[in-house]
Amino acid sequence: MANAPSLSLLWRYFSGGARHTPGQKWAQYLLGFGSVCATLYVLWIGALSIVTGDAILWVYESLAQAGLVLTALENLARWARGYTADFHRDISVFVAVTFPIAFLTTTSQRQRTRMCWSDIFLALLSWVVAVYYLFHNDRFLNWSYGFTQPTMADMAMGLLFVVLVIELCRRCTGWGLTSLVLLLLAFTIFGDQLSGPLRHENFTWNYFVEMMTVTDNGIFGSPLQVAATYAFLFVLFGNFYERTGGGELFYGLSTALTGRMRGGAVKACVTSSGLYGSVSGSPTADVATTGPLTIPLMKRVGVSADRAAAIESTASSGGAMLPPVMGAVAFIMSDMTGLSYASIALASLLPAVLYYASIFIAVHNTAVRDDEQRMDEDQIPRLWDTLKKGWRHLLPLVALVFLLVMGFTPVYVAAGSTAAIIVLSWFSRSSAIGPRRFVECCTQTIFQIVPLIGAVAAAGIIIGCVEISGLAGKFTLLIHYLAGGHLLPTVILSAVFLILLGMGMPTPAVYLTASALLAPVLSLSFKLPLMQLHLFMLYFACLSAITPPIAVANFAAGAIAGANPMAVGRQAVKLALGGFIIPFFFLFNPGLNMEGGAVVIVQSFIFALGMVTFASLSVNGHLGKLALHWLMRGVLGILALLLIWHDASVQMGALLLGLSVFIWCGWRASLRPLR
């Protein structure tokens, strides 16, 4: 018993910190100022530097044709156009602004909700480290890999930077990702002492610091680069869109379309959460935005608290799968794979439709069983009135899709779409973005992206450890050993790994970590198609937000509904069952990703629709008011699994047999309803 207090303190420490808004005036001013600086800087490196450089260069060339040559103007244009080439400086500036804010707004323990001296100390320390890297940026920019050696100051600052990243990750995401980082660091440092295939060669501490803090294989690698560009800009876009009334438009449209259906409040929640989630790409942010509207509405029409929270979290978690925006994850995927965003969005369309179709099937089936009522007429707006009032909120989405189709880069798309929101907001006094709202949106963006910053910086350490220790090949051997070298057990283990990895982590961080550890296994060993492989990882990264025991979307929705998060998790997994099996389907049936002829695509969609329908009936155990016998549920479950098999004759037989069972059950339901 003597060790109980120490174990309790250790658990409290590793359980993560609490998010809070500082109460001190100086901290609030610092938060607002830093948020605006970060926003303007990301906009500058994302789009404005090149636009500005092009404009200045055009002026220079026009003056040169008139006989006036201004060399200083040419140098300024080239400086602006080439500003984004220095990733080390860009990330150092981003760290200098965001890390201090992250430490000031995230406490060291979940039980403490106020800022203390240690938060201020770590904020100052992280700022000093970032300034050091900025001050020595030219030396790091011209670093000769393998020849230039770190100084003692570089070593001290590099090791301190690693420690700060681990502490920030622990505060932001808790023990899940932090434990993985610590485990990989221990393996990397002491792996030369092991025997057998896991052993790796020894390395110097100079090499470790060089890999982690100088090259783009560590903290300064693509995860943090993505957070400082794509992720930040699309979270910013989502905040501006919601603040100007875009979320209200989605809710109004959803209510107008589904409010008169049976269980209309539930279906309005699913539709509005999915639409807004496509813009935000964050399950937790989506729940926090739409949940206060939808959850009380569902509870008022008789839906239980845990089911209302589960419906909200499940619908919100599918936003990152749903085109046209898909949050930041699709753009990260584009950057990691080299696939165009347009091709990713097209490939994601039918699986996303099926994900929400599976939720609709489940909620409609339950609505029939429980006699859930339609919404009151006074709560349902007219579709025309909703469009007439909020049609301008559709224009930023039109601008976003247009810019994507025209081939602009994601950062241009996000910056241009955000600019469109700001300009369009000025046409209405109630939603106009002025200085105060601009600062509020920037601050909210920083507050939302803080967990992602800690997670992706830690993902950089993971990538560095994999590179130093050669872990990718060893991980391949481990997966092969556990799965016996067979494809199906390997992908099942990969799905489980993704769900466990995603406990408490933001979706982009789960995907990035999986790309470093799992992608080499599945692509090199089994030659899986690049698109299907990365969409597979993206789906399970999204679904980890609703999978117990640590499911961030369930905790957020449970807090709003007043429900137990574990009870919410059980309901959410049943509702999202289609999402758990759709990735396996398109992994073996690429027609669902718009690959192949029209016949193949339609056939894949029909088979997949049958699969999610049969699986939903099997898990929920009823068809309307008819309780299904356990044997019938088992048959439907087996038929759903057979529909995954990439053999058209097997799939057709399973579909026809399943339809026969479905029709027979429907006939039984009409004769003998459940009592």
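**Entry 1: Asp-192**

I looked up Asp-192 and found a relative accessible area of 14%, so I noted this residue as buried (buried means under 20% relative accessible area, exposed over 50%, and partly exposed in between, with a 1.4 Å probe and protein chains only). I kept in mind that this is a predicted model, in which local features need pLDDT of at least 70 and side-chain atom pairs count only at pLDDT 80 or more, while totals for chains, interfaces and linings use all residues. Residues are numbered from 1 along each chain as its sequence is written, and side-chain values use heavy atoms, with hydrogens and water left out.

Asp-192 sits in the loop between helix 8 (175-190) and helix 9 (205-213), where helices (H or I, at least four residues) and strands (E, at least two) are DSSP runs numbered from the N terminus. Its side chain is joined to that of Gln-193 by a polar contact of 3.1 Å. A polar contact is a pair of N or O atoms within 3.5 Å; within protein, one must be able to donate a hydrogen and the other to accept it, and residues adjacent in sequence count only if both atoms are side-chain atoms. When I left aside the neighbours within four places in sequence, I found Asp-192 in contact (heavy atoms within 4.5 Å) with Arg-199, His-200, Glu-201 and Asn-202.

**Entry 2: His-393, in another loop**

I then went to His-393, which lies in the loop between helix 17 (383-390) and helix 18 (395-405), and which counts as buried at 8% relative accessibility. Not counting residues up to four places away in sequence, His-393 touches Tyr-241, Thr-244, Gly-245, Gly-246 and Leu-249.

**Entry 3: Met-594**

Met-594 belongs to the loop between helix 28 and helix 29 (598-620), and its phi is near 65°, a positive value in a residue other than glycine.

**Entry 4: residues inside helices**

In helix 10 (residues 222-243) I looked up Leu-233, which counts as buried at 0% relative accessibility. The C-alpha atoms of Leu-233 and Ala-414 are separated by 5.8 Å, although these residues are 181 residues apart along the chain. Ala-414 is also one of the residues that Leu-233 touches, together with Val-42, Leu-43, Val-411 and Thr-418, when residues up to four places away in sequence are not counted.

Thr-98 is part of helix 4 (residues 87-105) and is likewise buried, at 0% relative accessibility. Between Thr-98 and Ile-449 I read a C-alpha to C-alpha separation of 9.1 Å, for residues 351 apart in sequence, and, beyond four places in sequence, Thr-98 touches Ile-446 and Ile-453.

Ser-126, in helix 5 (residues 117-135), counts as buried at 2% relative accessibility. Leaving aside its neighbours within four places in sequence, Ser-126 is in contact with Phe-99, Pro-100, Phe-103 and Leu-164.

**Entry 5: a pair of helices, and helix 27**

Two packed helices are described by the angle between their axes and the distance between the axes. For helix 25 (residues 530-543) and helix 28 (residues 577-588) I found an angle of about 175° and axes 9 Å apart; axes are lines fitted to C-alpha atoms, for helices over the stretch in contact, and angles run from 0 to 180 degrees between N-to-C directions. Helix 25 and helix 28 are therefore roughly antiparallel to each other (under 35 degrees counts as roughly parallel, over 145 as roughly antiparallel, 65 to 115 as roughly perpendicular and the rest as oblique). Among the residues that make the contact are Leu-535, Phe-536 and Tyr-539 of helix 25, and Ile-582, Pro-583 and Phe-586 of helix 28.

In helix 27 (residues 565-575), I listed Pro-565, Ala-567, Val-568, Gly-569, Ala-572 and Leu-575 as buried. The buried residues of helix 27 pack against helix 14 (305-317), helix 16 (341-370), helix 26 (552-561) and helix 28.

**Entry 6: cysteines**

How many disulfides does the rule give? The count comes to 0, where a disulfide is a pair of cysteine sulfur atoms within 2.5 Å. The closest cysteine sulfur to that of Cys-269 is in Cys-542, 17 Å away, which is too far for a bond.
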